[in-house]
Each structure stands twice: as C-alpha cells, then as structure tokens.
Amino acid sequence: MSLDPLLLEILACPCPEHAALREETLDGAPVLVCASCGLAFPVRDDIPVMLLDEAKPFPAAAGSSS
Ligand SMILES: [Zn+2]
C-alpha cells in the first residue's frame, strides 16, 4: 500500500472518538482501521473513503481462523 503517511496523520475516524487509523488489508483490499471502534474504511484508488456507510467491522482475528 502506498498511502501518504501525512495523509494518515490527518485522517481520523468519523466516530465520536476520532481515533487514529492504521493500514490493514481486508479481503485483499486496502482498508483503514479505526483503533477505537474497529471499523474498516475502504481505500479506492489510493483515496480513503471515510464514510460510516462504507465501513465494515474489521475482524480482529483476521488470518488466524479457518
Ligand atoms: Zn472509529
């Protein structure tokens, strides 16, 4: 993934905590995961989509099950 670290610093989750985000991968696609609410926001064409409507819960145990 190639998100600008500065962009990551500026971005915050739209949830009430406005927590920091970290880069993760969900179903093979890049996502930004909130450290507080655990929602994963999609990244389309290197542009994070910071909409609660577009976010999915990030599975905390991704990769360790099945
Ligand atoms: Zn959040």
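Q: Starting point: what makes two strands pair?
A: Two strands pair if DSSP finds at least two bridges between them. The elements are DSSP runs numbered from the N terminus: helices (H or I) need at least four residues, strands (E) at least two.

Q: And the ground rules for this model?
A: The model is predicted, so local features need pLDDT of at least 70 and side-chain atom pairs count only at pLDDT 80 or more, while totals for chains, interfaces and linings use all residues. Residues are numbered from 1 along each chain as its sequence is written, and side-chain values use heavy atoms, with hydrogens and water left out.

Q: OK, how many helices and strands in the protein chain?
A: The protein chain has one helix and five strands. Their order from the N terminus is α-β-β-β-β-β.

Q: Start with β1. In what sense do β1 and β2 pair?
A: Antiparallel, over six bridges. Leu21 sits opposite Cys34 of β2. Two residues lie between the strands in this hairpin, and Asp27 takes a positive phi near 55 degrees there.

Q: Next along, how many bridges for β2 and β3?
A: Three, again listed as antiparallel; β3 covers residues 39–44. Leu32 has Phe41 of β3 as its bridge partner. The hairpin of β2 and β3 has four residues between the strands, and Gly38 has a positive phi near 75 degrees.

Q: Where do β4 and β5 come in?
A: Both pair with β3. β4 (residues 47–48) runs antiparallel to β3, joined by two bridges. Ile47 in β4 is the bridge partner of Arg44. β5 (residues 56–57) also pairs with β3 in the antiparallel sense, over two bridges. In β5, Pro57 partners Leu39.

Q: Switching to the metal. Which are the protein donors of the zinc ion?
A: Cys13, Cys15, Cys34 and Cys37, each through SG, at 2.2 to 2.3 Å from the zinc ion. Donors here are N, O and S atoms within 2.8 Å of the metal (3.2 Å for Na, K and Ca); water is not among the atoms, so sites may look incomplete.

Q: What geometry does the site of the zinc ion have?
A: Tetrahedral, with angles of 99 to 124 degrees among the four donor atoms. For reference, the ideal angle for four tetrahedral donors is 109.5 degrees.

Q: What spacing do the donors follow along the chain?
A: C-x1-C-x18-C-x2-C. Cys13 is in the loop between α1 (5–10) and β1 (21–26), and Cys34 is in β2 (residues 29–34), so this pair ties together parts 21 residues apart in sequence.

Q: Last, the whole chain. What share of the 66 residues count as buried?
A: 32%. The protein chain exposes about 4300 Å², with carbon and sulfur atoms supplying 55% of that area. The areas come from the Shrake-Rupley method with a 1.4 Å probe.

Q: What about contacts between residues at least 6 apart in sequence?
A: Of those in the protein chain, 26% join residues at least 24 apart. A contact means heavy atoms within 4.5 Å.

Key. Four donors count as tetrahedral if all angles lie between 85 and 135 degrees; four count as square planar and six as octahedral if opposite donors are over 155 degrees apart and all others between 65 and 115; anything else is irregular. Buried means under 20% relative accessible area, exposed over 50%, partly exposed in between (1.4 Å probe, protein chains only).
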